[in-house]
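Please keep the structure open while reading, and look for each element as it is named.

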Amino acid sequence: MAEAASLGTPKEEFLASVRQALGRAAVPPQPPYPALAEGLDVLESQTAAMRQRNAAQARELLHELAATAQLRGWQVYRAARADDAVEHVVAVAKSLGVRRAVRSDHDVFNALPVHAALQKLGLTVTPVVRDQQNSREALRQEIAQAELGMTGADYAVAETGSVVVLPCRGLSRLVSLVPPVHLAVVRPQNVVATLDDVLLLRRLEYYKHGGDMGSYLNFITGPSRTADIEQTLVVGVHGPREVHLVLLDYDTSSPLVGEA
Amino acid sequence: MAEIKTKDFQAASRRSIQDPQLRRALQRVGAGFDGARRENIAEVTPQVWEAWREQARRIKVHTLEHLDYYLELLDQRVTQAGGQMHYAKDAAQANAIVAQLARSRGVRIATKSKSMVSEELGLNHVLEEAGVEVYETDLGEYIIQLAGETPSHLVAPALHKTKEQVAQLLSQKLGVPLTDDIETMAAVARNALREKFLQSDLGISGANFLVAETGTLVIFTNEGNGRLCTSAPRMHIGITGMEKVIPSLQDLAVFMRLLPRSATGQRLTSYVTLVTGPRRADDEDGPEEFHLVIVDNGRSRLLADPELREALYCIRCGACLNICPVYQKVGGHAYGWVYPGPIGAVITPVLVGLGQAKDLPFASSLCGACREACPIKINLPRMLLHLRHKLAESPNADEKSSSPAETAAAHGYAGLMGRPKLLAAARGLGRLAQMPFVRDGKIPHIPLPPLSGWTKTKDLPALPPRSFRDIWDQELSRLPDKQD
Amino acid sequence: MAQRGQVTASLFATCMVDQLYPQVGVSVVRVLRRLGVTVQFPASQVCCGQPLYNAGFTKPARQLARHTLRSLAGSQYVVVPSGSCAAMLKVFYLDLFAHDPALLPPAQELASRVYEFSQFLTEVLGVDDVGASYTGKAAYHPSCHLLRELGVREGPRRLLGKVQGLESVELPQAESCCGFGGAFSVKFPHISGGMLDDKLANLQASGADTLVACDMGCLMHLGGAIDRRSLPVKIRHLAQVLDGEAK
């Protein structure tokens, strides 16, 4: 790797010029901003309260998520049983004539045998996980050729109809982006009410895990789109033109929100 | 830095106004973006909207007041996440940083997600000189890059182009058949760029927000190009103005609610992407290096002026453009630099130098629609007034916007209007002077500038025989207050 | 809300009404008197300084503003038949004297007493119906400073709604600027003219025969073009419409 030095104006000099513009001589020791001074205990109690609030309205949140996601361009399917969910995924793949699919390694796929069902149908399904056979480059080629990308969801936000994916080991950034169709499987325990809920959970994780946010977090809300020519809407520019949200409606035994 | 043509506003705005295709394009702005924005406000209710605006403004006020603190925190957290910060005091330095990073890593192809700051810096040009092929990947940016133009709107850079013009351009530059189908045009761009994404060594993005607490860069996009630029190439450089920082991750929620609704009238963009450092050892994909370039380029002048500091609260949604009756007439290019509309009329003169852009702060009727539309409640008319004052009464000849004659006229006006008796005498003279021009109580033509400009298209009322003061003295003051 | 009969108001006529449209001032006085208000006209009043302030000439603007602070001192209320000039007194004087510890307090004190004409009727006197009548189809143009600096949106519409015989028609895109903007219309006549064209097109689409506003600046601008194009539309200050007594 090349040099890891700061180029341009040295930090201290730059900050001094900012300070001068602010008419101050020194950095304030700690600005009066409560959120940044909160300890882990505060975040934990806020999270507990949020979970309780959401659990009390679990059914409503699932309805809201389904309705809002639909409005934002997701094709929503609420599965009453695991078999239904698998059948639905197979039907989607069939109707689109998919031959190659890629999927993330979200553990929802351990509980839901879509992989096997699609293979039985004759599709090539590749989990995007590096191992001895599959280098980063090979996986990237596989993703580029796939007609369907399947992921789980780390969170789904009822307020906005968004699916949140946190890429890391086994969870490629590109599976939900490069294939023309994205299918996300959402479990009820991943559903939160608001954007604030997701951000609170990420802050908690951040401080719990010694200050690592993970490299990436995506809020995905509907298909890729543009209106850059004459403000006319076109879906499917650089990302998927079609997005499916499969909500595992039956699985309400576990509490909502990131308990998994 | 991008070419500055702000001195040409008078002539450029006259040309724009006569361009029928531009007029059609601009009509869509009000109906499209602004209409959708209003529907959103109605949907969430004006009370909730107002509470969001207040909250967002409080965050911005606080952050800018402690900008040095939050930049320091951001630096610490970006570094902790394995990223590298760089600071640029001006455009030349910012460009040099990116060019040096590109050169030292042997970058041959760079793909860019939309960034107004990079437009401000004129970055593409510098990278191309350094031997890097640069591809804009936002559809609107791609179109204007092919056309060799600059953006005409903060969020819809190719808004000034009709679909016929885009079709012509794609056909000329890429050799594809002419089409009138917008979906086909988008597919052409997608196919042309898909290959570049996979070959690209460097992804460049702007930032809508920088979260100090976690060292996170946040971008709002719809097409997916931003996600590709920050995921596919082996290096990612984020480049943005120093004012983009917000303290905590929790602050992001309110901006996620305000920005898309204010910009395109969407509840949320298709993607909101949070990038924190390069890919971790275990990650399946993502860039090996993450750099963040923080740019001043005149922003500390806005920061230092208490009357202008709030211009740095801007989140570049473009709502003030969409509602501005002046922007709706002249479009973005007439403003002569990267930032058009009311926010451009405020920040451009400060960023490029007051003397370069004397007309811009005056190019407003001060109707205040921009302030009403602004999600951060930025008082744009007040800042325009402040700049007018700085220009009109500047001690510096380069900056002074008023001629000695205008200054004398201003003081003469105060001298005359401040003396009721003198004014009455002048009124008598005015009544005599207007006599040859009065037709039926109106003045259809006066051969004397600046009134001659007015009477080109409008009649002017003639001075009637008596002023109100005369009528008061002669009649009204003698009548009893109560008529019954 | 003030008790009727105890109210005294100083009329700040504004240059435009004083010099060019005195009949508007007469209507203001007649309407106020009909409502039992004792009207005074401080003879020393001059221009509020807004044209200079908007052009960036704060020094001579302050000179006129100081004069205005003196000439309007002491009255119970100040009534201004212009949203724009009222905004100058009520809002912009506070900016003009923000760094003047001697004049900021009197400016604040004046600001608390200043009302634009329609605002005075609806907010101080609590009147919506002044017993007026007018025959015609009227469209209301909310002038920008009245709307956005003073926040007056509904009052003038309510007052017009109570006028006997008056049919209110909606002006499409009513809240868009007419393009006047004082010196703006002279410095950038092409832009101002484009905005004016839009406003007139909307006016014609409304089918109104009368255009009502609370600012003679906008109405001079619009009326000048209406006359030049011989459009069948009359311009009226709100006070003139409210002055039309039921016969």
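1. In chain C of this predicted model, 4 strands form an open sheet in which the pairing is parallel and the order is β6-β5-β7-β8. The edges are taken by β6 (164-169) and β8 (234-237) of chain C, and because each has a single partner strand, one side of each is left without a neighbour in the sheet. From one strand to the next, the twist averages 35°.

2. Which residue of β6(C) is the bridge partner of Ser133(C)? The partner is Gln164(C). As a general point, strands of a sheet pair through backbone hydrogen bonds, and they may do so in a parallel or an antiparallel way.

3. Chain C as a whole is divided into domain 1, which covers 8-123, and domain 2, which covers 128-242. The centres of these two domains of chain C, taken over C-alpha atoms, are separated by 22 Å, and their contact takes 27 residues from domain 1 and 24 residues from domain 2. On the domain 1 side of chain C, the elements that give two or more residues are α1 (15-19), α2 (22-34), α3 (50-54), α5 (83-96) and α7 (117-124), with the largest share, 6 residues, coming from α5(C). By class, this side of domain 1 of chain C divides into 16 nonpolar, 8 polar and 3 charged residues.

4. Turning to the chains, how many residues of chain A are in contact with chain B? There are 70 residues of chain A, and they meet 78 residues of chain B. Elements of chain A that give two or more residues to this side are α1 (11-21), α2 (34-37), α8 (136-145), α9 (195-208), β9 (216-220) and β10 (225-226). The side of chain A that touches chain B has 36 nonpolar, 20 polar and 14 charged residues.

5. Strand pairing also links chains A and B, for β9(A) and strand β9 (residues 271-275) of chain B pair in the antiparallel sense over 5 bridges. Within this pairing, Phe219(A) stands opposite Val272(B) in β9(B).

6. Sorted by class, the contact of α3(A) with α9(A) has 7 nonpolar, 2 polar and 4 charged residues.

7. The contact between chains B and C takes 53 residues from chain B and 56 residues from chain C. Helix α18 (residues 380-392) of chain B gives the most to the chain B side, with 6 residues, and by class that side of chain B has 27 nonpolar, 12 polar and 14 charged residues.

8. Finally, of the 2 pairs of chains that touch, chains A and B have the most contacts. Chain A and chain C are joined by no contact, and their closest C-alpha atoms lie 18 Å apart.

Note on methods
Residues numbered from 1 in each chain as written. Chains lettered and ligands numbered in written order. Predicted model: local features only at pLDDT ≥ 70, side-chain atom pairs only at ≥ 80, totals over all residues. Contact = placed C-beta atoms within 7 Å. Nonpolar A, V, L, I, M, F, W, Y, C, P; charged D, E, K, R; others polar. Pairing = 2+ DSSP bridges. Domains from an automatic or database assignment. Axes fitted to C-alpha atoms, helices over the stretch in contact; angles between N-to-C directions.
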